[in-house]
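Here is a short report on one protein chain. Keep the sequence and the 3D view open while you read.

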Amino acid sequence: MVQRKAKNMKWETVIGVEVHVETNTKTKMFCRCSADYFGAKPNTHVCPVCLGLPGALPTTNEEAIKKCIIVGLALGCDISERSIFERKNYFYPDLPKGYQISQYRWPLCVGGSIDIEGKNRKKTIRINRAHQEEDTGKLSHRGNETFIDFNRSGLPLVEIVTEADFRDSSEVRDYGKKLQQIIRAIGVSKADMEKGDMRLEANISVRPEGQKELPNYRVELKNINSFKFIADAIDTEVARQIEILESGGKISQQTRGYNEDKHETFLQREKEEANDYRYFPEPDLLPLVPDRALVEKLKLKANASDPAKKLTVLVAKYNLGEKLVSTLMGQGMVEFFEEAVQISGDGSAKALATYITNRKIDPTKQKPQDLVDEINAKGQNMAGQNQIVEASKEAIEQSEKMVTDYKAGKTNSIQGLIGQVMKKTQGKADPQKAREILEKLLK
């Protein structure tokens, strides 16, 4: 006989979060393949190491380890005196070796916390660990066929794992946004969720209100790349679990995905326990023993982790507007900008910041010196005020949707109008002047 629980029973949600961040190194984690894979033809950034071919041996990417340490320091973690890579054994098509090189028992960074603020509450989220591992390949499903692209396989990945401190989806959303700000502020990744630089996973269970012990199960929602979708997915999954429990059913450990179109979670596989992965130390890699002097040096970069403090410092240092600095930080371009200023001089800070934010420079393809040379060359043949005004009027007349969006409050649409002005002046307009003129005309 199935025993139903009372429909009016109050439930409490228990959530832990795992965030995966791809760090911006030039090469992959354990081989020399280029990490600049996004948009490349499938399976062109691969070698015997990241394809897991017999006899291929890994070597550790030192720059990736440094960036993982910076992440740990920014989150207030302790840096382990000795850290060991392990083989996490499981079989899935996107894992060419049949195991993933990761850290479980001896992570690089342990402890730490992040404070989040929201409506009527401030809360500290405890960080269990931040550890280094390698990314997997990417699966694409078309009809009944599945295609595998191993370009992403082997990329440096920092996994940040929290304690089960979240009680609702809004806390998870706010945590994700705060973590993204920190990651961008310290310059270790662009944390672009659309490109998969940052991916969210949530471990969810529910318990009767007032119960202190953790539930004896958890359901993991995998690889979600939007703050809105993670909140929607959590609310959907919580409702599913409560319905099952109130009907007298039991919930098994599962890994589930989220279909944002149907607003439902779906089964991917039954969830493994840690012992199912048969962890054992990676025999082809030496233990990591971080140099204490290096750790102290890396603290300087980690100190930039508070976005509010970083913004205040940059505004004062370079005499820039908060909006411009905020855009630089949001694009993860502060370090690139400061290197360019060092080359060109403090007097060029505003022009450099404006140029970078409007052009969306890719730091993996263009160096700060290249940018300075480009601006200097353009400065010798810049468009005059009248030319920019005429180009702006034309752009407004020919871009009805952008103008409508702008007047409806979507102020970011002005970027498209600036792009039209730049095109009409063959790149000779000062983007900041174009913005000022467009804003004046649009009023």
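## A threonine in a strand

Start with Thr124, which is found in strand β7, residues 121-134. This is a predicted model, and every value below is computed from it. Is Thr124 buried, partly exposed or exposed? Thr124 has a relative accessible area of 44%, so it is partly exposed. Buried would need a value under 20%, and exposed a value over 50%.

Now look at what Thr124 touches. Leaving aside neighbours within four places in sequence, Thr124 is in contact with Ser113, Ile114, Asp115 and Asp165. Take Asp165 from that list. Thr124 and Asp165 are 41 residues apart in sequence. In space, their C-alpha atoms are 8.4 Å apart.

## The whole chain

The secondary structure comes to 13 helices and 15 strands. Along the principal axes, the C-alpha atoms fill a box of roughly 85 × 55 × 45 Å. The chain has 443 residues, and a compact globule with that number would have a radius of gyration near 22 Å. The chain has 25 Å, which agrees.

Contacts tell you about the fold too. Consider contacts between residues at least 6 apart in sequence. Of these, 68% join residues at least 24 apart.

## Surface and charge

How much of the chain is buried? Of the 443 residues, 49% count as buried. The accessible surface comes to about 23200 Å². Carbon and sulfur atoms hold 48% of that surface.

Next, the charges. The chain has 69 positive and 64 negative side chains. The centres of the two sets lie 2 Å apart.

## Cysteines without disulfides

A disulfide is a covalent bond between the sulfur atoms of two cysteines. How many disulfides does the structure hold? The count is zero. Cys50 is in no disulfide, and the nearest cysteine sulfur, that of Cys33, is 3.8 Å away. Cys50 has a relative accessible area of 3%, so it is buried.

Cys68 is also in no disulfide. The nearest cysteine sulfur to Cys68 belongs to Cys109, 4.3 Å away. Cys68 has a relative accessibility of 0%, so Cys68 counts as buried.

## Two asparagines with positive phi

Asn43 is not a glycine, although its phi is positive, at about 60 degrees. Where is Asn43? Its place is in the loop between β1 (11-22) and α1 (62-74). At 36% relative accessibility, Asn43 counts as partly exposed.

Asn223 has a positive phi as well, of about 45 degrees, and is not a glycine. Asn223 is found in strand β12, residues 219-224. With a relative accessible area of 45%, Asn223 is partly exposed.

## A proline in a loop

Pro58 is found in the loop between β1 and α1. Is Pro58 buried or exposed? Its relative accessibility is 12%, so Pro58 counts as buried.

Which residues does Pro58 touch, not counting those up to four places away in sequence? They are Phe30, Val49, Ile101, Asp284 and Leu285. Val334 gives another distance to check in the view: Pro58 and Val334 are 276 residues apart in sequence. Their C-alpha atoms are 32 Å apart in space.

## A valine and a serine

Val315 lies in helix α5, residues 307-318. With a relative accessible area of 21%, Val315 is partly exposed. Not counting residues up to four places away in sequence, Val315 touches Leu320, Gly321, Glu322 and Val325. Val315 and Gln342 are 27 residues apart along the chain, and their C-alpha atoms are separated by 16 Å.

End with Ser399. This serine is found in the loop between α10 (385-398) and α11 (400-407). Ser399 counts as buried because its relative accessibility is 11%. Ser399 touches Leu417 and Gln420, not counting residues up to four places away in sequence.

Definitions and conventions. Residues are numbered from 1 along each chain as its sequence is written. This is a predicted model: local features need pLDDT of at least 70, side-chain atom pairs count only at pLDDT 80 or more; totals for chains, interfaces and linings use all residues. Side-chain values use heavy atoms; hydrogens and water are left out. Helices (H or I, at least four residues) and strands (E, at least two) are DSSP runs, numbered from the N terminus. The radius of gyration is taken over C-alpha atoms; the globule rule is 2.2 Å times the number of residues to the power 0.38. Buried means under 20% relative accessible area, exposed over 50%, partly exposed in between (1.4 Å probe, protein chains only). Contact means heavy atoms within 4.5 Å. Accessible areas come from the Shrake-Rupley method with a 1.4 Å probe; for residues, only the protein chains shown count as cover. Lys and Arg count as positive and Asp and Glu as negative; His and the chain ends are not counted. The place of a charge is taken as NZ of Lys, CZ of Arg, CG of Asp or CD of Glu. A disulfide is a pair of cysteine sulfur atoms within 2.5 Å.
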